[in-house]
Amino acid sequence: MAYSKKVMDHFANPRNVGKMDNADGVGEVGNAKCGDIMKVYLKVDDDIITDVKFNTFGCASAIATSSIATEMIKGKNLQEALSLSNKAVVDALDGLPPSKVHCSVLAEEAVKAAISDYYIRNNIAHDSELFKCTGCCNSCDNL
Amino acid sequence: MQRIYVDNAATTAISPEVLEAMMPFMQEVYGNPSSIHSFGQEASAALEKARLEIAEILGAKSKEIYFTSGGSESDNWAINAALSIGAKRGKKHIVSSKIEHHAVLHVLKRLEKEGYEVTYLDVNGNGIVKLEDLKSAIREDTALVTIMYANNEIGSIQPITEIGALCREKGVLFHTDAVQAVGNLPVNVVEDNIDFLSLSAHKFHGPKGVGVLYCRTGLALRGLIIGGAQERGRRAGTENVAAIVGMSAALKQAKDNMQANNIALKKMQAKLIDELLKIPRSRLNGDPIKRLPGNISFCFEGIEGEALLLSLDMVGIAASSGSACTSGSLDPSHVLLAIGLPHEIAHGSLRLSLSNFNTMEEMEYIIENLKIIVKRLRDMSPVWEKLEKEANTNGLQ
Ligand SMILES: Cc1ncc(COP(=O)(O)O)c(C=O)c1O
(Lines give C-alpha, C1' and ligand atoms only; values in the text may rest on other atoms or scores of the structure.)
Protein backbone atom coordinates (compact mmCIF):
# COMPACT_ATOMS: atom_id res chain seq x y z
CA MET A 1 0.00 0.00 0.00
CA ALA A 2 1.49 3.29 -1.03
CA TYR A 3 0.18 6.77 -0.39
CA SER A 4 0.41 9.56 -2.94
CA LYS A 5 2.82 12.44 -2.38
CA LYS A 6 -0.18 14.64 -1.66
CA VAL A 7 -1.39 12.35 1.13
CA MET A 8 2.06 12.23 2.69
CA ASP A 9 2.35 16.01 2.45
CA HIS A 10 -0.98 16.56 4.21
CA PHE A 11 -0.08 13.93 6.80
CA ALA A 12 3.35 15.41 7.50
CA ASN A 13 2.19 19.04 7.36
CA PRO A 14 -1.51 19.05 8.11
CA ARG A 15 -3.30 22.33 7.30
CA ASN A 16 -5.70 23.93 9.77
CA VAL A 17 -4.87 21.48 12.52
CA GLY A 18 -5.97 22.54 15.98
CA LYS A 19 -8.93 23.31 18.18
CA MET A 20 -11.14 26.41 18.30
CA ASP A 21 -12.46 28.00 21.47
CA ASN A 22 -15.43 29.94 20.18
CA ALA A 23 -16.48 27.83 17.26
CA ASP A 24 -19.84 28.47 15.64
CA GLY A 25 -20.24 24.84 14.72
CA VAL A 26 -18.48 21.64 15.78
CA GLY A 27 -18.87 18.20 14.24
CA GLU A 28 -17.37 14.94 15.41
CA VAL A 29 -17.68 11.66 13.54
CA GLY A 30 -16.06 8.27 13.77
CA ASN A 31 -15.44 5.76 16.44
CA ALA A 32 -12.29 5.08 18.42
CA LYS A 33 -13.07 1.38 18.34
CA CYS A 34 -12.75 1.42 14.56
CA GLY A 35 -9.67 3.55 14.69
CA ASP A 36 -10.70 6.95 13.32
CA ILE A 37 -12.34 10.00 14.83
CA MET A 38 -12.51 13.42 13.15
CA LYS A 39 -13.57 16.64 14.76
CA VAL A 40 -14.14 19.79 12.69
CA TYR A 41 -14.58 23.32 14.09
CA LEU A 42 -16.09 26.14 12.04
CA LYS A 43 -16.14 29.90 12.36
CA VAL A 44 -19.02 31.22 10.25
CA ASP A 45 -19.50 34.82 9.29
CA ASP A 46 -22.46 35.82 7.17
CA ASP A 47 -22.81 32.32 5.70
CA ILE A 48 -19.08 32.20 4.90
CA ILE A 49 -16.67 29.78 6.59
CA THR A 50 -14.04 32.25 7.70
CA ASP A 51 -11.99 29.79 9.71
CA VAL A 52 -11.83 26.04 10.16
CA LYS A 53 -9.81 23.73 12.37
CA PHE A 54 -9.66 19.98 12.76
CA ASN A 55 -8.46 17.31 15.17
CA THR A 56 -8.14 13.72 14.04
CA PHE A 57 -7.34 10.39 15.66
CA GLY A 58 -6.49 7.86 13.02
CA CYS A 59 -4.12 6.70 10.36
CA ALA A 60 -2.19 8.88 7.93
CA SER A 61 -5.03 8.97 5.41
CA ALA A 62 -7.52 10.01 8.10
CA ILE A 63 -5.28 12.94 8.99
CA ALA A 64 -4.65 13.81 5.32
CA THR A 65 -8.32 13.69 4.30
CA SER A 66 -9.37 15.93 7.18
CA SER A 67 -6.56 18.33 6.41
CA ILE A 68 -7.44 18.71 2.74
CA ALA A 69 -11.18 18.83 3.44
CA THR A 70 -10.69 21.82 5.74
CA GLU A 71 -8.60 23.48 3.06
CA MET A 72 -11.32 22.88 0.49
CA ILE A 73 -14.08 24.50 2.54
CA LYS A 74 -12.23 27.45 4.01
CA GLY A 75 -13.58 30.72 2.58
CA LYS A 76 -16.53 28.95 0.96
CA ASN A 77 -20.17 29.59 1.77
CA LEU A 78 -22.08 26.90 3.64
CA GLN A 79 -23.93 25.69 0.57
CA GLU A 80 -20.65 25.14 -1.26
CA ALA A 81 -19.13 23.41 1.76
CA LEU A 82 -22.12 21.10 1.97
CA SER A 83 -21.54 19.97 -1.59
CA LEU A 84 -18.05 18.71 -0.76
CA SER A 85 -18.05 15.02 -1.68
CA ASN A 86 -15.75 12.32 -0.53
CA LYS A 87 -14.84 11.75 -4.17
CA ALA A 88 -13.63 15.34 -4.45
CA VAL A 89 -11.48 14.76 -1.38
CA VAL A 90 -9.99 11.60 -2.87
CA ASP A 91 -9.29 13.34 -6.17
CA ALA A 92 -7.69 16.31 -4.45
CA LEU A 93 -5.30 13.89 -2.74
CA ASP A 94 -4.41 12.21 -6.05
CA GLY A 95 -6.19 9.07 -4.91
CA LEU A 96 -6.33 6.86 -1.84
CA PRO A 97 -5.72 3.11 -1.51
CA PRO A 98 -9.09 1.29 -1.70
CA SER A 99 -8.95 0.26 1.96
CA LYS A 100 -8.63 3.94 2.93
CA VAL A 101 -11.51 5.43 0.96
CA HIS A 102 -13.69 5.31 4.06
CA CYS A 103 -11.47 8.05 5.52
CA SER A 104 -12.65 10.44 2.80
CA VAL A 105 -16.26 9.57 3.62
CA LEU A 106 -15.52 10.39 7.23
CA ALA A 107 -14.00 13.74 6.21
CA GLU A 108 -17.12 14.62 4.23
CA GLU A 109 -19.30 13.61 7.15
CA ALA A 110 -17.23 15.60 9.64
CA VAL A 111 -17.71 18.78 7.58
CA LYS A 112 -21.45 18.14 7.29
CA ALA A 113 -21.75 17.41 11.00
CA ALA A 114 -20.09 20.74 11.83
CA ILE A 115 -22.41 22.64 9.47
CA SER A 116 -25.41 20.82 10.87
CA ASP A 117 -24.33 21.85 14.36
CA TYR A 118 -24.10 25.46 13.19
CA TYR A 119 -27.62 25.30 11.72
CA ILE A 120 -29.05 23.78 14.86
CA ARG A 121 -27.37 26.29 17.16
CA ASN A 122 -28.77 29.15 15.09
CA ASN A 123 -32.20 27.68 14.52
CA ILE A 124 -31.69 27.76 10.79
CA ALA A 125 -34.07 25.53 8.91
CA HIS A 126 -32.21 22.93 6.87
CA ASP A 127 -32.86 19.75 5.04
CA SER A 128 -31.84 17.05 7.50
CA GLU A 129 -31.73 14.54 4.64
CA LEU A 130 -28.46 16.16 3.61
CA PHE A 131 -26.89 15.18 6.88
CA LYS A 132 -27.92 11.60 6.88
CA CYS A 133 -25.16 9.38 8.05
CA THR A 134 -23.92 6.76 5.61
CA GLY A 135 -23.49 4.43 8.54
CA CYS A 136 -19.87 4.14 7.58
CA CYS A 137 -18.37 5.33 10.82
CA ASN A 138 -20.80 3.97 13.39
CA SER A 139 -20.53 7.20 15.33
CA CYS A 140 -24.33 7.27 15.57
CA ASP A 141 -24.02 4.34 17.97
CA ASN A 142 -22.23 6.64 20.37
CA LEU A 143 -24.94 9.30 20.47
CA MET B 1 19.31 11.23 7.47
CA GLN B 2 20.14 8.43 9.88
CA ARG B 3 18.24 5.17 9.15
CA ILE B 4 17.50 2.76 11.96
CA TYR B 5 16.09 -0.70 11.45
CA VAL B 6 14.16 -1.96 14.46
CA ASP B 7 11.84 -4.41 12.71
CA ASN B 8 13.94 -7.53 13.19
CA ALA B 9 10.95 -9.67 14.13
CA ALA B 10 9.75 -9.12 10.56
CA THR B 11 13.12 -9.99 9.08
CA THR B 12 16.81 -9.39 9.66
CA ALA B 13 19.80 -8.39 7.58
CA ILE B 14 22.08 -11.20 6.41
CA SER B 15 25.26 -11.00 8.46
CA PRO B 16 28.55 -10.51 6.58
CA GLU B 17 29.81 -13.91 7.79
CA VAL B 18 26.67 -15.63 6.55
CA LEU B 19 26.97 -13.97 3.17
CA GLU B 20 30.58 -15.07 2.96
CA ALA B 21 29.62 -18.65 3.75
CA MET B 22 26.98 -18.59 1.02
CA MET B 23 29.01 -17.05 -1.77
CA PRO B 24 30.86 -20.17 -2.97
CA PHE B 25 27.50 -21.88 -3.45
CA MET B 26 26.28 -19.20 -5.82
CA GLN B 27 28.92 -19.73 -8.49
CA GLU B 28 31.59 -22.29 -7.72
CA VAL B 29 29.75 -25.13 -6.05
CA TYR B 30 26.69 -25.20 -8.25
CA GLY B 31 26.19 -28.91 -8.71
CA ASN B 32 22.87 -30.59 -8.02
CA PRO B 33 23.22 -32.44 -4.70
CA SER B 34 21.45 -35.43 -6.25
CA SER B 35 24.10 -35.85 -8.97
CA ILE B 36 26.76 -38.46 -8.47
CA HIS B 37 29.63 -36.53 -10.09
CA SER B 38 32.04 -34.43 -8.08
CA PHE B 39 30.08 -31.22 -8.67
CA GLY B 40 27.01 -32.80 -7.17
CA GLN B 41 28.87 -34.48 -4.36
CA GLU B 42 30.46 -31.23 -3.23
CA ALA B 43 27.01 -29.68 -3.00
CA SER B 44 25.61 -32.75 -1.28
CA ALA B 45 28.42 -32.71 1.29
CA ALA B 46 27.69 -29.06 2.08
CA LEU B 47 24.01 -29.85 2.44
CA GLU B 48 24.59 -32.73 4.84
CA LYS B 49 27.14 -30.72 6.82
CA ALA B 50 24.55 -27.98 7.27
CA ARG B 51 21.94 -30.53 8.30
CA LEU B 52 24.25 -31.99 10.93
CA GLU B 53 25.26 -28.59 12.29
CA ILE B 54 21.66 -27.47 12.61
CA ALA B 55 20.64 -30.79 14.18
CA GLU B 56 23.39 -30.55 16.79
CA ILE B 57 22.42 -27.03 17.78
CA LEU B 58 18.81 -28.09 18.29
CA GLY B 59 19.76 -31.29 20.11
CA ALA B 60 18.37 -33.33 17.23
CA LYS B 61 19.66 -35.95 14.82
CA SER B 62 20.53 -35.19 11.21
CA LYS B 63 17.75 -37.33 9.84
CA GLU B 64 15.19 -35.39 11.87
CA ILE B 65 15.93 -32.15 9.97
CA TYR B 66 13.94 -31.35 6.83
CA PHE B 67 14.78 -28.25 4.82
CA THR B 68 11.81 -26.12 3.82
CA SER B 69 11.10 -22.70 2.34
CA GLY B 70 10.63 -21.15 5.78
CA GLY B 71 8.43 -20.84 8.82
CA SER B 72 5.08 -20.86 7.06
CA GLU B 73 5.81 -24.02 5.14
CA SER B 74 7.15 -25.78 8.21
CA ASP B 75 4.04 -24.83 10.20
CA ASN B 76 1.71 -26.04 7.46
CA TRP B 77 3.64 -29.25 7.02
CA ALA B 78 3.93 -30.06 10.72
CA ILE B 79 0.24 -29.57 11.42
CA ASN B 80 -0.93 -31.61 8.47
CA ALA B 81 1.60 -34.36 9.12
CA ALA B 82 0.57 -34.64 12.77
CA LEU B 83 -3.08 -34.86 11.79
CA SER B 84 -2.46 -37.61 9.31
CA ILE B 85 -0.80 -39.60 12.11
CA GLY B 86 -3.81 -38.96 14.34
CA ALA B 87 -6.27 -39.78 11.57
CA LYS B 88 -5.26 -43.43 11.76
CA ARG B 89 -6.86 -43.50 15.19
CA GLY B 90 -9.75 -41.22 14.35
CA LYS B 91 -8.40 -38.21 16.21
CA LYS B 92 -10.06 -35.00 15.10
CA HIS B 93 -9.16 -32.49 17.80
CA ILE B 94 -6.38 -29.89 17.97
CA VAL B 95 -5.30 -27.63 20.83
CA SER B 96 -3.62 -24.32 20.07
CA SER B 97 -3.56 -20.78 21.44
CA LYS B 98 -5.24 -17.50 20.52
CA ILE B 99 -1.93 -15.79 19.80
CA GLU B 100 -0.42 -18.03 17.12
CA HIS B 101 1.05 -16.64 13.92
CA HIS B 102 -1.25 -16.70 10.90
CA ALA B 103 0.87 -19.50 9.46
CA VAL B 104 -0.68 -21.68 12.19
CA LEU B 105 -3.96 -19.91 12.86
CA HIS B 106 -5.15 -19.81 9.27
CA VAL B 107 -4.24 -23.46 8.76
CA LEU B 108 -6.38 -24.31 11.79
CA LYS B 109 -9.26 -22.17 10.49
CA ARG B 110 -9.26 -24.16 7.29
CA LEU B 111 -9.07 -27.46 9.17
CA GLU B 112 -12.12 -26.42 11.18
CA LYS B 113 -14.02 -26.05 7.91
CA GLU B 114 -12.85 -29.53 6.97
CA GLY B 115 -14.32 -31.07 10.09
CA TYR B 116 -11.60 -30.75 12.72
CA GLU B 117 -12.34 -29.28 16.10
CA VAL B 118 -9.88 -26.75 17.50
CA THR B 119 -9.57 -25.47 21.07
CA TYR B 120 -7.84 -22.08 21.12
CA LEU B 121 -6.41 -21.55 24.57
CA ASP B 122 -6.71 -18.12 26.15
CA VAL B 123 -3.57 -16.41 27.34
CA ASN B 124 -3.16 -14.35 30.48
CA GLY B 125 -2.72 -10.57 30.36
CA ASN B 126 0.98 -11.02 29.67
CA GLY B 127 0.35 -13.28 26.71
CA ILE B 128 1.18 -16.60 28.33
CA VAL B 129 -0.78 -19.85 28.08
CA LYS B 130 -1.94 -21.39 31.36
CA LEU B 131 -0.86 -25.00 31.87
CA GLU B 132 -4.07 -25.92 33.70
CA ASP B 133 -6.04 -24.77 30.66
CA LEU B 134 -3.93 -26.97 28.43
CA LYS B 135 -4.32 -29.89 30.79
CA SER B 136 -8.08 -29.69 30.72
CA ALA B 137 -8.23 -29.06 26.97
CA ILE B 138 -6.43 -32.25 25.98
CA ARG B 139 -8.90 -35.04 25.16
CA GLU B 140 -8.86 -38.67 24.12
CA ASP B 141 -9.19 -37.61 20.51
CA THR B 142 -6.61 -34.80 20.57
CA ALA B 143 -4.26 -35.34 17.66
CA LEU B 144 -2.00 -32.35 18.17
CA VAL B 145 -1.05 -29.52 20.48
CA THR B 146 0.51 -26.62 18.56
CA ILE B 147 1.73 -23.71 20.66
CA MET B 148 4.34 -21.18 19.61
CA TYR B 149 7.63 -20.92 21.48
CA ALA B 150 7.68 -17.13 21.58
CA ASN B 151 5.24 -14.61 20.20
CA ASN B 152 6.23 -12.43 17.27
CA GLU B 153 4.21 -9.37 18.33
CA ILE B 154 4.53 -9.09 22.08
CA GLY B 155 7.57 -11.31 22.63
CA SER B 156 6.04 -13.47 25.35
CA ILE B 157 7.79 -16.82 25.85
CA GLN B 158 5.59 -19.84 26.56
CA PRO B 159 6.41 -22.50 29.18
CA ILE B 160 7.52 -24.88 26.41
CA THR B 161 9.36 -27.34 28.65
CA GLU B 162 6.24 -27.83 30.78
CA ILE B 163 3.96 -27.99 27.76
CA GLY B 164 6.22 -30.56 26.10
CA ALA B 165 6.35 -32.69 29.23
CA LEU B 166 2.58 -32.56 29.62
CA CYS B 167 1.96 -33.55 26.01
CA ARG B 168 4.40 -36.44 26.24
CA GLU B 169 2.75 -37.62 29.45
CA LYS B 170 -0.66 -37.51 27.79
CA GLY B 171 0.62 -39.12 24.61
CA VAL B 172 -0.29 -36.18 22.39
CA LEU B 173 1.90 -34.89 19.58
CA PHE B 174 3.41 -31.46 20.20
CA HIS B 175 4.39 -28.94 17.54
CA THR B 176 5.96 -25.59 18.34
CA ASP B 177 6.42 -22.65 15.99
CA ALA B 178 9.85 -21.58 17.20
CA VAL B 179 10.42 -19.07 14.41
CA GLN B 180 10.96 -16.17 16.82
CA ALA B 181 12.79 -18.22 19.42
CA VAL B 182 15.52 -20.01 17.48
CA GLY B 183 18.60 -17.83 17.35
CA ASN B 184 17.48 -15.83 20.38
CA LEU B 185 16.91 -18.56 22.97
CA PRO B 186 18.56 -21.92 23.58
CA VAL B 187 16.12 -24.40 22.07
CA ASN B 188 16.54 -28.14 22.66
CA VAL B 189 14.01 -30.50 21.14
CA VAL B 190 14.87 -33.41 23.41
CA GLU B 191 14.81 -31.54 26.71
CA ASP B 192 11.54 -29.87 25.72
CA ASN B 193 9.89 -33.07 24.40
CA ILE B 194 9.16 -31.42 21.08
CA ASP B 195 7.79 -33.65 18.29
CA PHE B 196 7.68 -31.04 15.54
CA LEU B 197 9.42 -27.68 15.40
CA SER B 198 9.40 -24.90 12.82
CA LEU B 199 12.18 -22.39 12.30
CA SER B 200 13.04 -19.79 9.69
CA ALA B 201 16.52 -18.53 8.77
CA HIS B 202 15.68 -14.92 7.98
CA LYS B 203 14.79 -14.21 11.60
CA PHE B 204 18.38 -14.76 12.75
CA HIS B 205 20.48 -13.02 10.08
CA GLY B 206 20.17 -15.84 7.58
CA PRO B 207 18.65 -15.67 4.10
CA LYS B 208 14.93 -15.47 3.34
CA GLY B 209 12.93 -18.34 1.93
CA VAL B 210 14.63 -21.12 3.85
CA GLY B 211 13.78 -22.90 7.07
CA VAL B 212 13.58 -26.21 8.86
CA LEU B 213 10.95 -28.63 9.96
CA TYR B 214 12.22 -30.82 12.76
CA CYS B 215 10.30 -34.09 13.00
CA ARG B 216 11.19 -36.56 15.73
CA THR B 217 12.31 -40.02 14.57
CA GLY B 218 9.64 -42.63 14.88
CA LEU B 219 6.93 -40.32 13.61
CA ALA B 220 5.71 -41.03 10.11
CA LEU B 221 6.19 -37.73 8.35
CA ARG B 222 3.74 -37.48 5.48
CA GLY B 223 5.45 -36.16 2.36
CA LEU B 224 4.73 -32.59 1.36
CA ILE B 225 5.94 -32.32 -2.21
CA ILE B 226 5.83 -35.43 -4.36
CA GLY B 227 8.59 -35.96 -6.89
CA GLY B 228 12.29 -36.67 -6.52
CA ALA B 229 13.95 -38.25 -3.52
CA GLN B 230 15.14 -35.06 -1.85
CA GLU B 231 14.65 -34.70 1.91
CA ARG B 232 14.29 -38.44 2.37
CA GLY B 233 11.53 -38.49 -0.21
CA ARG B 234 9.33 -36.16 1.81
CA ARG B 235 9.91 -32.89 -0.01
CA ALA B 236 10.88 -33.10 -3.63
CA GLY B 237 12.77 -30.39 -5.48
CA THR B 238 16.40 -29.46 -5.95
CA GLU B 239 17.64 -27.94 -2.73
CA ASN B 240 18.53 -24.27 -2.30
CA VAL B 241 22.07 -25.14 -1.27
CA ALA B 242 23.39 -21.61 -0.82
CA ALA B 243 20.45 -20.64 1.39
CA ILE B 244 20.72 -23.81 3.46
CA VAL B 245 24.44 -23.27 3.99
CA GLY B 246 23.64 -19.67 4.96
CA MET B 247 21.00 -20.82 7.42
CA SER B 248 23.45 -23.16 9.09
CA ALA B 249 26.13 -20.46 9.29
CA ALA B 250 23.61 -18.02 10.73
CA LEU B 251 22.39 -20.47 13.34
CA LYS B 252 25.93 -21.32 14.37
CA GLN B 253 26.77 -17.63 14.69
CA ALA B 254 23.61 -16.99 16.70
CA LYS B 255 24.42 -19.86 19.02
CA ASP B 256 28.06 -18.87 19.52
CA ASN B 257 27.14 -15.27 20.29
CA MET B 258 23.88 -15.90 22.09
CA GLN B 259 25.03 -14.96 25.55
CA ALA B 260 26.79 -11.78 24.52
CA ASN B 261 23.95 -10.81 22.18
CA ASN B 262 21.37 -11.42 24.86
CA ILE B 263 23.17 -9.17 27.30
CA ALA B 264 23.47 -6.37 24.76
CA LEU B 265 19.88 -6.77 23.56
CA LYS B 266 18.46 -6.77 27.07
CA LYS B 267 20.37 -3.61 27.90
CA MET B 268 18.91 -1.79 24.89
CA GLN B 269 15.50 -3.29 25.57
CA ALA B 270 15.53 -2.14 29.20
CA LYS B 271 16.55 1.35 28.15
CA LEU B 272 13.69 1.60 25.67
CA ILE B 273 11.13 0.14 28.03
CA ASP B 274 12.15 2.40 30.92
CA GLU B 275 12.05 5.53 28.81
CA LEU B 276 8.86 4.73 26.93
CA LEU B 277 7.02 3.91 30.15
CA LYS B 278 7.67 7.54 31.14
CA ILE B 279 5.31 8.62 28.37
CA PRO B 280 1.93 9.12 30.05
CA ARG B 281 -0.75 6.53 29.26
CA SER B 282 1.67 4.14 27.63
CA ARG B 283 1.79 0.44 28.40
CA LEU B 284 4.19 -2.41 27.79
CA ASN B 285 2.53 -5.40 26.13
CA GLY B 286 3.67 -8.90 26.95
CA ASP B 287 5.48 -10.36 29.91
CA PRO B 288 8.11 -8.10 31.50
CA ILE B 289 10.42 -11.05 32.23
CA LYS B 290 9.44 -14.00 30.05
CA ARG B 291 10.02 -12.10 26.83
CA LEU B 292 12.29 -12.20 23.81
CA PRO B 293 15.40 -10.12 24.45
CA GLY B 294 14.86 -7.85 21.43
CA ASN B 295 11.10 -7.29 21.66
CA ILE B 296 9.56 -4.02 22.80
CA SER B 297 5.78 -3.84 22.32
CA PHE B 298 3.90 -0.77 23.47
CA CYS B 299 0.53 0.90 23.23
CA PHE B 300 0.14 4.65 23.36
CA GLU B 301 -3.39 5.76 24.12
CA GLY B 302 -5.01 8.40 21.96
CA ILE B 303 -3.06 7.73 18.77
CA GLU B 304 -3.20 5.27 15.92
CA GLY B 305 -0.37 2.92 14.99
CA GLU B 306 -0.10 3.55 11.26
CA ALA B 307 0.27 7.29 11.74
CA LEU B 308 2.92 6.51 14.33
CA LEU B 309 4.81 4.17 11.98
CA LEU B 310 4.79 6.60 9.07
CA SER B 311 5.93 9.42 11.35
CA LEU B 312 8.79 7.24 12.57
CA ASP B 313 9.65 6.33 8.99
CA MET B 314 9.92 10.02 8.15
CA VAL B 315 12.72 10.32 10.68
CA GLY B 316 14.36 7.13 9.45
CA ILE B 317 13.06 4.63 12.01
CA ALA B 318 11.61 1.35 10.65
CA ALA B 319 9.22 -0.34 13.10
CA SER B 320 5.90 -2.15 13.03
CA SER B 321 2.41 -2.06 14.56
CA GLY B 322 -0.58 -4.29 15.19
CA SER B 323 -3.13 -1.59 14.39
CA ALA B 324 -6.03 -2.35 12.08
CA CYS B 325 -4.78 0.11 9.47
CA THR B 326 -1.48 -1.71 9.17
CA SER B 327 -2.96 -5.18 9.22
CA GLY B 328 -5.24 -4.32 6.33
CA SER B 329 -8.31 -5.50 8.22
CA LEU B 330 -10.87 -3.71 10.35
CA ASP B 331 -9.65 -5.19 13.58
CA PRO B 332 -6.38 -4.66 15.38
CA SER B 333 -4.10 -7.65 15.87
CA HIS B 334 -5.62 -10.80 17.34
CA VAL B 335 -2.69 -11.00 19.76
CA LEU B 336 -3.37 -7.60 21.32
CA LEU B 337 -7.06 -8.44 21.61
CA ALA B 338 -6.21 -11.83 23.17
CA ILE B 339 -4.26 -10.17 25.99
CA GLY B 340 -7.42 -8.21 26.77
CA LEU B 341 -6.72 -4.82 25.23
CA PRO B 342 -9.79 -2.90 24.04
CA HIS B 343 -9.79 -2.00 20.33
CA GLU B 344 -9.15 1.68 20.94
CA ILE B 345 -5.93 0.96 22.83
CA ALA B 346 -4.78 -1.82 20.52
CA HIS B 347 -4.98 0.63 17.60
CA GLY B 348 -2.11 2.59 19.15
CA SER B 349 0.39 -0.25 19.20
CA LEU B 350 4.04 -0.15 18.27
CA ARG B 351 6.54 -2.98 18.01
CA LEU B 352 10.26 -2.31 18.06
CA SER B 353 12.33 -5.45 17.55
CA LEU B 354 16.07 -5.24 17.97
CA SER B 355 19.00 -7.25 16.70
CA ASN B 356 22.65 -7.27 17.66
CA PHE B 357 23.25 -4.85 14.78
CA ASN B 358 21.48 -2.09 16.74
CA THR B 359 23.33 0.27 19.06
CA MET B 360 22.62 2.20 22.23
CA GLU B 361 22.97 5.49 20.30
CA GLU B 362 20.17 4.32 18.07
CA MET B 363 18.01 3.72 21.15
CA GLU B 364 18.62 7.32 22.25
CA TYR B 365 17.58 8.57 18.82
CA ILE B 366 14.43 6.42 18.89
CA ILE B 367 13.43 7.57 22.37
CA GLU B 368 13.94 11.24 21.54
CA ASN B 369 11.98 11.07 18.30
CA LEU B 370 9.24 8.82 19.57
CA LYS B 371 8.44 11.19 22.42
CA ILE B 372 8.11 14.08 19.97
CA ILE B 373 5.96 12.08 17.56
CA VAL B 374 3.60 10.73 20.23
CA LYS B 375 3.09 14.26 21.53
CA ARG B 376 2.49 15.66 18.04
CA LEU B 377 -0.11 13.02 17.20
CA ARG B 378 -1.80 13.37 20.58
CA ASP B 379 -1.98 17.14 20.20
CA MET B 380 -4.18 16.65 17.16
CA SER B 381 -6.21 13.75 18.56
CA PRO B 382 -9.79 14.24 19.77
CA VAL B 383 -9.46 10.95 21.64
CA TRP B 384 -6.51 12.32 23.59
CA GLU B 385 -8.46 15.52 24.28
CA LYS B 386 -11.20 13.44 25.87
CA LEU B 387 -8.77 11.37 27.91
CA GLU B 388 -7.14 14.54 29.22
CA LYS B 389 -10.51 16.05 30.11
CA GLU B 390 -11.53 12.92 31.98
CA ALA B 391 -8.25 12.89 33.84
CA ASN B 392 -8.70 16.54 34.81
CA THR B 393 -12.23 16.12 36.12
CA ASN B 394 -11.21 13.00 38.01
CA GLY B 395 -8.28 14.90 39.45
CA LEU B 396 -10.59 17.71 40.63
CA GLN B 397 -12.95 15.38 42.42
C1 LIG C 1 6.02 -16.80 14.78
C2 LIG C 1 6.16 -16.85 13.30
N3 LIG C 1 5.77 -17.95 12.63
C4 LIG C 1 5.89 -18.05 11.30
C5 LIG C 1 6.42 -17.03 10.55
C6 LIG C 1 6.51 -17.20 9.06
O7 LIG C 1 7.84 -17.42 8.68
P8 LIG C 1 8.28 -17.29 7.16
O9 LIG C 1 8.21 -15.84 6.83
O10 LIG C 1 9.68 -17.82 7.12
O11 LIG C 1 7.35 -18.10 6.35
C12 LIG C 1 6.85 -15.87 11.21
C13 LIG C 1 7.43 -14.73 10.47
O14 LIG C 1 6.80 -13.96 9.82
C15 LIG C 1 6.71 -15.78 12.61
O16 LIG C 1 7.08 -14.69 13.27
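How many salt bridges are there between chain A and chain B? The count is three. Keep in mind as we go that this is a predicted model.

**Stop 1: a charged pair.** Select A:Glu28 and B:Lys386. Their side chains form a salt bridge, with N to O at 2.7 Å. Polar contacts across the interface of chain A and chain B come to 11 residue pairs, with both residues at pLDDT 80 or more.

**Stop 2: the chain A side.** Color helix H1 (5-12), strand E2 (36-45), strand E3 (48-57) and helix H2 (60-73) of chain A: each gives two or more residues to the side that touches chain B. By class, that side has 15 nonpolar, five polar and five charged residues.

**Stop 3: the whole contact.** Now show both partners: 25 residues come from chain A and 21 residues from chain B. Together the chains bury about 1900 Å², and 64% of this is on carbon and sulfur atoms.

**Stop 4: the ligand.** Move on to the 13 residues surrounding the ligand. Of these, two are nonpolar, eight polar and three charged. Helix H4 (residues 71-87) of chain B supplies the largest share, three residues.

Next, display these side chains:
- B:Asp177, with a polar side-chain atom 2.6 Å from a ligand nitrogen atom
- B:Ser200, with a side-chain N or O atom 2.5 Å from a ligand oxygen atom
- B:Lys203, with a side-chain N or O atom 2.9 Å from a ligand oxygen atom

Conventions: Residues are numbered from 1 along each chain as its sequence is written. Chains are lettered from A and ligands numbered from 1 in the order in which they are written. This is a predicted model: local features need pLDDT of at least 70, side-chain atom pairs count only at pLDDT 80 or more; totals for chains, interfaces and linings use all residues. Side-chain values use heavy atoms; hydrogens and water are left out. Contact means heavy atoms within 4.5 Å. Buried area is the accessible area (1.4 Å probe) that two parts lose on being put together, summed over both. A salt bridge is a side-chain nitrogen of Lys or Arg within 4 Å of a carboxyl oxygen of Asp or Glu. A polar contact is a pair of N or O atoms within 3.5 Å; within protein, one must be able to donate a hydrogen and the other to accept it, and residues adjacent in sequence count only if both atoms are side-chain atoms. Helices (H or I, at least four residues) and strands (E, at least two) are DSSP runs, numbered from the N terminus. Ala, Val, Leu, Ile, Met, Phe, Trp, Tyr, Cys and Pro count as nonpolar, Asp, Glu, Lys and Arg as charged, and the others, Gly among them, as polar. A residue is near a molecule or strand if one of its heavy atoms lies within 4 Å of it.
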